[in-house]
Amino acid sequence: MKKAKLTGRIVTPDDPNYEQARTNNNLSIPKFPSKIVFCQKTKDVINALRWVQENNESFRIRSGRHSYENFSLVNEGLIIDVSEMNNIVVNSSVMTARIEAGANLGKVYRELWEHGLTIPAGTESSVGVVGLTLGGGIGMLSRPFGLTCDNLIEIEMVRAGGHLGAELITANKHTNSDLFWACCGGGGGNFGIVTSLTFELHPISNVSIFSITWGWEDFEVAFDAWQHFAPHTDENLTSQIELKSKEVGEIVAQGIFVGSPSKLKKLLRPLRNAGSPINVWIKEVPYIKAVKFFDVPSGNQPALRKRSGSFIERTFPKKAIMEMKELLANAPNRDATIWQQSLRGAVGQIPSNSTAYYYRNALIAQEYLTIWEDPEEEQQNIRWIEQVRNTLSPYTVGDYVNFPDLYIKDWPTAYYGRNFRRLRDVKTKYDPRNVFQFAQSIPPSRKWL
Ligand SMILES: Cc1cc2nc3c(=O)[nH]c(=O)nc-3n(C[C@H](O)[C@H](O)[C@H](O)COP(=O)(O)OP(=O)(O)OC[C@H]3O[C@@H](n4cnc5c(N)ncnc54)[C@H](O)[C@@H]3O)c2cc1C
């Protein structure tokens, strides 16, 4: 058999593009790979996977570069990067799109919008559709249309196996259905290299968006009103709330309603009547404008970051709300926040074991975030995030696998709940030699205990 050769656009440390090519969205865990291969076609992916195995080289898979813990980077090994494979083919007659795994959300939203169609997905345009989908995919259309993975029909994946050591396989509800189940929430990087994703699409035109801002003095009343409202209101309304540091002193609720502004105004009454909002607006916009509104530019820029998160299954008692307020009053800097997004609706209509995404009963997904400029401030920021996680843990469950945190010791339960065992079975079947691994990857059965 002929020896494998790397093909595609290859970047090495002496290349002028190396810095740009190796840098991910989170600058706080830098890594220095010895090569990055930007695959142009499936054959390049197959060649790369053969090459790493033949040369016993460590490697990681990368697309949109947004892994919070930089699981898509490695020191000294190879990065197999699919971001230049990003073609999208829409089949309007059957309302599906085949999206190559390198497309980011900005490209996906723009191209589908040209057909008056969309998928429910995340807010930041530079996030990769593949990393987002494999972990679930939460966004501003989750309540009417479900998670991104709930709209997935099929994937193509290069797995480690076959007589060449790498083979292209397909997974959907009928073929390799166990792998397909695992790819709907099991997280990126675990089973193989996804090269394309086919989704069911939804028609979309105008939507109504809103924003309500309160001052710090309304912290308790604003959050309490939002948590009783957001997961239970009309399914066509998905919203988020950002609890900012005391230094900024704002609580901001925003969302998208697939419906008219007059109906949204009525729905929002419990929020508008809570405390004394300092700014309230509602407008009707073409959906693509709503996408741009929620695409915060700072999220797309590489920065020093630490994040973690959890799910809320029962509304927070007053004590938990006061604890969040206290944590934000003692935040390490003004940009530290707690962010929450409403779930249920279509997300909650699927049983917890029907896909690998486990936390179907959650009312809210939440994220704890800090961003800082001086590298010396890293420890105090990490400490604060872990303090938030520990303080709120009596009131929360698990963590969304797409908000991974290396400090979570029992991460298998935190990310996957009771679905972990089945995920290990799938791993054992499709990657028994554990070719695909990183700090919190799903291990095959034999190696675990
Ligand atoms: C600013 C920001 C905003 C975010 N907003 C949202 C949001 O609105 N909703 C939401 O649900 N999540 C959100 N996330 C989390 C996001 O879903 C995850 O970080 C996701 O894993 C990113 O995927 P990626 O392709 O961009 O990242 P990458 O770092 O390239 O990859 C992420 C993981 O997937 C693996 N992977 C990459 N490509 C492939 C492939 N082709 N095949 C198999 N595995 C692969 C990697 O090895 C890695 O483990 C956000 C993250 C950030 C940083």
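How far is an oxygen atom of the ligand from a polar backbone atom of isoleucine 61? Here are some friendly notes.

1. Before the answer, some ground rules. This is a predicted model, in which local features need pLDDT of at least 70, side-chain atom pairs count only at pLDDT 80 or more, and totals for chains, interfaces and linings use all residues. Residues are numbered from 1 along each chain as its sequence is written, and side-chain values use heavy atoms, leaving out hydrogens and water.

2. The distance to isoleucine 61 is 2.6 Å. For arginine 65, a backbone N or O atom lies 2.9 Å from an oxygen atom of the ligand. Asparagine 402 takes part through its side chain, where an N or O atom is 3.2 Å from a ligand oxygen. Taken alone, the ligand exposes 960 Å², and the protein buries 96% of that (Shrake-Rupley method, 1.4 Å probe).

3. Now look at the whole shell around the ligand. There are 32 residues around the ligand (a heavy atom within 4 Å), and Ile61, Ser63, Ser72, Ile138 and Tyr400 come nearest. The shell divides into twelve nonpolar, 16 polar and four charged residues, with Gly counted as polar.

4. Where does the ligand lie relative to domain 1 (9-81) and domain 2 (88-203 + 418-433)? Both domains give residues to the shell, so the ligand lies between them (bounds from an automatic or database domain assignment).

5. Helix H4 (129-135; helices are DSSP runs of H or I, at least four residues) is among the elements supplying at least two shell residues. The largest share of the shell, four residues, comes from H4.

Definitions and conventions. A polar contact is a pair of N or O atoms within 3.5 Å; within protein, one must be able to donate a hydrogen and the other to accept it, and residues adjacent in sequence count only if both atoms are side-chain atoms.
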